[in-house]
Structures are given as C-alpha cells and as structure tokens.
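Let's take a friendly look at the pockets of this protein. Here is the structure to keep beside the text.

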Amino acid sequence: MLDVRRLRLLRELARRGTIAAVAEALAFSPSAVSQQLSVLEREAGLPLLERTGRRVRLTPAGQNLVRHADAVLERLEEAAADLAEARSGLAGALRIGAFPTATRAIVPAALVALARRHPGLEPMVSETDPAAVAHALRAGDLDVALVHEYDFVPAPREPGLATQPLYREPMYLAAPAQAPSAGAVRAPASASASASASASGPAPDQGAVLRAHADDPWITATHGTLCHAMAVRACQAAGFSPRIRHRVDEFPAVLALVAAGQGVAVVPQLGVMGPADPAVSLTRLPMERRTKVAFRSGAAAHPAVAAFAAALRAAVPPELATPDSPE
C-alpha cells in the first residue's frame, strides 16, 4: 500500500526540483526525505528517481505517480471538507496568505465579517507574495490565499491548486506632478475618483505613456516578484527596458518616492487609494491586475475556505470590477 505522506514528498520533489528544497519546505532533514522516498520506491516496486551525483530527477514511472498523487490528495481535501461540513460550527486555525495591498484594503473587513459569523474560527494572516503561494499551499503552510496576475504576467496553472476570481483593478502610471505625462489625471481625493475621471475619455496609448518616461529612473518591486516582472515587461512591450533606481514592495513607499522626484512607477488601483498626494500625477493605463482566491484542489467546499472566500467577496470595494463569472 502506498503511503500518502510519501506521495506528498514525491509531489513536492516534482515541483521544487531538489531534495534539499523539499526538506526545507516541509521541515525535514534532507536525509529523512531521501529515506522516505526510498521506502516509497520499495512500495511501488520500481525506480521512481534517477540519481546523478547530487541531482535527482523523476523517472517516467515517478512522473506518472505524481499525477496519481495529485488526484489522491485532491480527494483527501474533499473528504476533509465533507467532515468539516458535518461538524457543528467552524473552529480552529485558518491560515491565510495575502499580499500587502489586499491585506490593507480588503482582508480586515473580511476578517470582521468572518468573526461575526464564525467566532470559533481563528484566522491567521501571513503576508505572502503570490509567487510563493503555490508552494505554501501544497506544503500545508497555508489553507487559502490571495494571488494576482497582470496582463503581462499571466499566472501559470499550478497542479494541485484551484482558484476563484475575486476582482479586477486598473493600473496607473505614477509620475512626479511637476512633469505630468500625456493623458495624466491629477489625483483627486482618491484613486477611485481618479479612475472615474480618467475612464470618462478615451484610454491613452499605453505604449506612448510609458515611452514618455523611457529616460526616467523607475521604481519597481523587488526582483522575483510578479509586480517587478509586470513593470519590466510592460516597458519592454513599449520598446525599452526601464532604468531601475529603486526596488520597493510597499506601494505607499513607492508613491512617496515618486512624490520626491525619485522616479516613475506602475501601480494598481488599490495601491493609490486614499488621500491624494498633489505631488503625484496618475495616468490610467489600459491594463489590469486580476486577483483570485487560491486553495488546494478539492478544498473549495471546505466550510472555512468557503466562508472566508464569501467574506472576501463582500469586502471588495464597490469601485473595483468584479468578475462576470467564476472560473
């Protein structure tokens, strides 16, 4: 009989690439992971791994077993959801991953509603970059998370995970107000008002807006994040590579640097909501950031996951566009 825990290790090896990475993610020693995978090979009755020096790769049989592992683990999530549904009331920890703008603008209201309806549930929020969510969910470090994708950085399909669309938001080019770009809209009291003002006329030529700042210093998120990739690819699509001066992940800090004349940046609507800074000029771009709720495949019906997803949907600000239909 194949052991489910060892199947999970094999699946993590297929996703992470090295035994050391699996060990670090799941809080095992590398030798313990190797031993468990060797036992799994004996249970399977044929080689699952090919070892070349320190490197390991899956054999065709191992890759096929990973596909079965995905299905088995999904059914286990469904079984856990059914058991949770049979209990009276939700209780216990719910581990939530969220990126900073959603943590500030949406998650608090969702947690208030969740506590009102399910006081026995203990939500635990961890700030998590969307690029790290898939590994954290599969490893069991998170139960549910918010992820996003951009027009220039579509999210790849992640085996073992499922998503539900939550909202869409426009993107803005933020520049020092003393040198506004073509089509710029001076930020009024909030980004939602700015969005309404800029949306009333024809959308600006995105490439032209970005090329107007091709020689300016740029402020992007840190390397390896989706936000960084979005800014770089948008500029490349406009015909230039941005000259990056600052790498900052928090959008309020990004806007403060823009106001100080330190460069220009591309920011989402949630990143510019709140009181306007007269030193920052915002130009709405015809591109979007799309946010989704992510969880392990089979967990959509888990009462705690479903309750949090419902609370999130109710907490989305009305000025953000909601999806037309679920995925």
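The lining of the second largest pocket divides into 12 nonpolar, 5 polar and 8 charged residues. Here Ala, Val, Leu, Ile, Met, Phe, Trp, Tyr, Cys and Pro count as nonpolar, Asp, Glu, Lys and Arg as charged, and the others, Gly among them, as polar. The model is predicted, and totals for linings use all residues, while local features need pLDDT of at least 70 and side-chain atom pairs pLDDT 80 or more. Residues are numbered from 1 along each chain as its sequence is written, and side-chain values use heavy atoms, without hydrogens and water.

A pocket is an open set of points on a 1 Å grid over the protein atoms alone, where a 1.4 Å probe fits, with protein on both sides within 12 Å along at least five of seven lines; lining residues have an atom within 4 Å of a point.

In the second largest pocket, Glu77, Ala80, Asp143, Arg296 and His302 lie nearest the centre. Helix H4 (60-86) supplies the largest share of this lining, 7 residues, and H1 (4-16), E3 (92-98) and H12 (303-315) each bring at least two. Helices (H or I, at least four residues) and strands (E, at least two) are DSSP runs numbered from the N terminus.

Turning to the largest pocket, Val147, Ala155, Pro156, Glu158 and Thr163 lie nearest its centre. H7 gives the most to its lining, with 4 residues. The classes there are 12 nonpolar, 2 polar and 5 charged.

Volumes are the space filled by probe spheres set on the points, which are joined across faces, edges and corners.

| Pocket | Volume | Lining |
|---|---|---|
| Largest | about 450 Å³ | 19 residues |
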